[in-house]
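This briefing goes through the folding units and contacts of a predicted model. Please keep the sequence and the structure open while reading.

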Amino acid sequence: MNNATPLLQLSSIGKQFGGLSALSDVSLHIRRGEIYGLIGPNGAGKTTLFNVITGLYQPSAGEFHFDGKSYQVCKPHVLAKAGIARTFQNIRLFANLTALENVMIGRHVRTRAGVLGALLRDRATRNEERAITERARELLRYAGIEKPAQTLAKHLSYGEQRRLEIARALATDPLLLALDEPAAGMNATETASLKTLLQTIRASGITVLLIEHDVKLIMGLCDRVAVLDYGRKIAEGVPEEVRKDPAVIAAYLGGGDD
Amino acid sequence: MSHRPLCGSLRFGLLATLLRGFYSVKALEFVSGKHNARWAFWLLLAALLLLPFFTDALLGRGWVRIVDFAMLYIMLALGLNIVVGFAGLLDLGYIAFFAVGAYCYALAGSPHLALAFPMAFPDGVHLSFWMILPLAALLAGGFGVLLGAPTLRLRGDYLAIVTLGFGEIIRIFLNNLNAPVNLTNGPQGISRIDPVSVADVRLSVTQEIFGISLPSVHLYFYLFLAFTALVIFASQRLERSRIGRAWMAIREDEIAASAMGINTRNLKLLAFAMGAMFGGASGALFAGFQGFVSPESFSLMESIMVLCMVVLGGMGNIAGVILGGVLLAVLPEVLRHGVVPLQQALFGKTIVDPESLRMLLFGGALIVMMLYRPAGLLPSRVRRRELDTDEIVETV
């Protein structure tokens, strides 16, 4: 792993929806091993940027480098294979499958058994299945939700569902874990334990990208923060600096010259 | 005479239970231990092997043929279950793959092609059953991909409309491809299709095996039984595999599935192809069994019938699909054998035609189902567990 090159580098990313410019000229880079926060008022383009990074949207302009490779037009599954895993703002679990199965599906991209393997169930396939199950259980334990392994995802509590999404994303062995408002709707205790989980994940060498409304969580957790407003990056830096930035204060509190 | 309908439906309840049991052997293992499960399996196998003799003795000679058709339907329904139940892609034109398989067998195993290409095939084409079967499956699989490719971006009702159109296109082609080259013989269909012969045993004539004389329908019964078992086996293994999980992920949430690294395009095509292959193989069996194919066997109504089997039994659940197939395949026969004599006995004449009564019952049954058992008669493993948890929640 070359620590000098950033893990993710966006150069002048733009995204148009018809005539509406959701993102314009956004450049940022995420270093390996850091927790990078993305904040901004509602409608600032955070989720759009997030969807560009995870391949759900194709950028209209700009360049996208991940782990030293350039990705121009890319499908989400290609980026997942490259090492970007994500969670969703409005939880998107496989609702009618169990927690364990959800995480097992996360292993899909790192395993290879095909139709023939499924039908013949040869030794290689059996071993792979066993490895998938073991790894999935391990991740459930890691995320603190091993007890409801056989519960359907939709019957888990809200906090558990959030954790399950993280466990499922971790199952893809990501280099970059991208979390879209993981603390939304959580109470103080749940948020605190989420914070611990994210710190553990970072300690294990995974880079984390975090979109969050909870400014306190962002400030306490992130190494660097970028602020978006009206589709543009208005500030970037360590949390203390960003917090004092007049442009950021204006964006959040309104005011300024208008 | 008037006691017959009741009698018949009771027997069919029994048959359904048998086929259901065939699948639930695995479930028995948990209930009563491995030893008993093995017993249950052998018992069931024996019952299934003797089934044609039972129906002959108890219900009459015609019933083995009905059971044969029921098994064809079960194979079809299990194939469709891969597309609809596992991958969640609503397919209303599934019978087209059955048609492709059937016509593939008809063309590659009959004198018909001599009409179209007298120079190349003066006697028609007569490939062996074991050659045609994989050919039919592969050809149907190809058609599955052909249907799948342009519909990849469609979902739900839009997909249903397109697949419905596809099914009709195939049928209309079959109906009209008698000119300029007479490929399908149009609405007359293709007849004189070679019967299936397995290891030089012709299934079209009565065979003497271990001193037991087995008529043709019995021989086909065993052939179909073997293939049905194979299809059940394949479905089960696919369901519990990496591929099966990926299909279910697509069914549950396509965007999340692709974010997890699942190549949704390829896996959807694979689901279409696998489902179509099952359909094509059963189509080939149908053509060999019937000795005759014509476009009218592959109408939209048949697609809907197969879909109903899947939905009625319990989408995504193999045992449920089998049950649905048995029920819907034998219902018309039960009606035909029961309703007419009953009306004759009561009123002295036939007032309601069993065919229209069938649609009435059918529609009624589906409405009742949707109201009271929306997940099917035998809900899938997941749905059942879902109900269990609900109960737990309630008691807490």
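The model is predicted: local features need pLDDT of at least 70, side-chain atom pairs count only at pLDDT 80 or more, and totals for chains, interfaces and linings use all residues. Residues are numbered from 1 along each chain as its sequence is written, while chains are lettered from A and ligands numbered from 1 in the order in which they are written. Helices (H or I, at least four residues) and strands (E, at least two) are DSSP runs, numbered from the N terminus.

**Domains of chain A**

- Chain A is assigned domain 1 (1-83 + 174-258) and domain 2 (96-168); such bounds come from an automatic or database domain assignment.
- The centres of domain 1 of chain A and domain 2 of chain A, taken over C-alpha atoms, are separated by 28 Å.
- Between these domains, seven residues of domain 1 of chain A are in contact with six residues of domain 2 of chain A (contact means that C-beta atoms, placed from the backbone, lie within 7 Å).
- On the side of domain 1 of chain A that touches domain 2 of chain A, the elements giving two or more residues are α2 and α7 (188-203) of chain A.
- That side of domain 1 of chain A holds four nonpolar, one polar and two charged residues. Here Ala, Val, Leu, Ile, Met, Phe, Trp, Tyr, Cys and Pro count as nonpolar, Asp, Glu, Lys and Arg as charged, and the others, Gly among them, as polar.

**Six-stranded sheet of chain A**

- Six strands form an open sheet in the order β6-β7-β8-β3-β9-β10 (chain A), and the pairing is mixed. Two strands pair if DSSP finds at least two bridges between them.
- At the edges stand β6 (84-86) and β10 (232-237) of chain A, each with a single partner strand, so one side of each has no neighbour in the sheet.
- On average, neighbouring strands of this sheet are turned by 20 degrees against each other, direction ignored.
- Helix α1 (residues 46-53) of chain A packs on the sheet and touches β3, β6, β7 (176-180), β8 (207-211) and β9 of chain A. The direction of α1 makes about 150 degrees with that of β7(A). Axes are lines fitted to C-alpha atoms, for helices over the stretch in contact, and angles run from 0 to 180 degrees between N-to-C directions.
- Strands β3 (residues 35-39) and β9 (residues 224-229) of chain A run parallel and are joined by four bridges. Tyr36(A) has Arg224(A) in β9(A) as its bridge partner.

**Four-stranded sheet of chain A**

- A second open sheet has four strands in the order β2-β1-β4-β5 (chain A), with antiparallel pairing.
- Its edge strands are β2 (20-30) and β5 of chain A, each with a single partner strand, so one side of each is left without a neighbour in the sheet.
- Seven bridges pair β1(A) with β2(A) in the antiparallel sense, and Leu8(A) has Ile30(A) in β2(A) as its bridge partner.
- Strand β1 (residues 8-17) of chain A also runs antiparallel to strand β4 (residues 61-66) of chain A, with five bridges; Leu10(A) stands opposite Phe64(A) in β4(A).
- β4(A) pairs over two bridges with strand β5 (residues 69-70) of chain A, again antiparallel, and Phe66(A) has Lys69(A) as its bridge partner.
- The hairpin of β4(A) and β5(A) has two residues between the strands, and Asp67(A) there takes a positive phi near 50 degrees.

**Helix packing**

- In chain A, the axes of α3(A) and helix α6 (residues 158-170) come within 7 Å and cross at roughly 30 degrees.
- α3(A) and α6(A) are therefore roughly parallel to each other (angles under 35 degrees count as roughly parallel, over 145 as roughly antiparallel, 65 to 115 as roughly perpendicular and the rest as oblique).
- This contact is made by Ala99(A), Asn102(A), Val103(A) and Gly106(A) of α3(A) with Leu164(A), Ala167(A), Arg168(A) and Ala169(A) of α6(A). By class, the contact of α3(A) with α6(A) has five nonpolar, two polar and one charged residues.
- In chain B, the axes of helix α3 (residues 95-108) and helix α5 (residues 129-148) come within 9 Å and cross at roughly 140 degrees. α3(B) and α5(B) are therefore oblique to each other.
- The residues of the contact of α3(B) with α5(B) comprise 13 nonpolar, two polar and no charged.

**Contact between chains A and B**

- Chain A gives 32 residues to the contact and chain B gives 27 residues.
- On the side of chain A that touches chain B, the elements giving two or more residues are α2 (76-82), α3 (99-106) and α4 (115-120) of chain A.
- That side of chain A has 15 nonpolar, ten polar and seven charged residues.

Notes
Contact = placed C-beta atoms within 7 Å.
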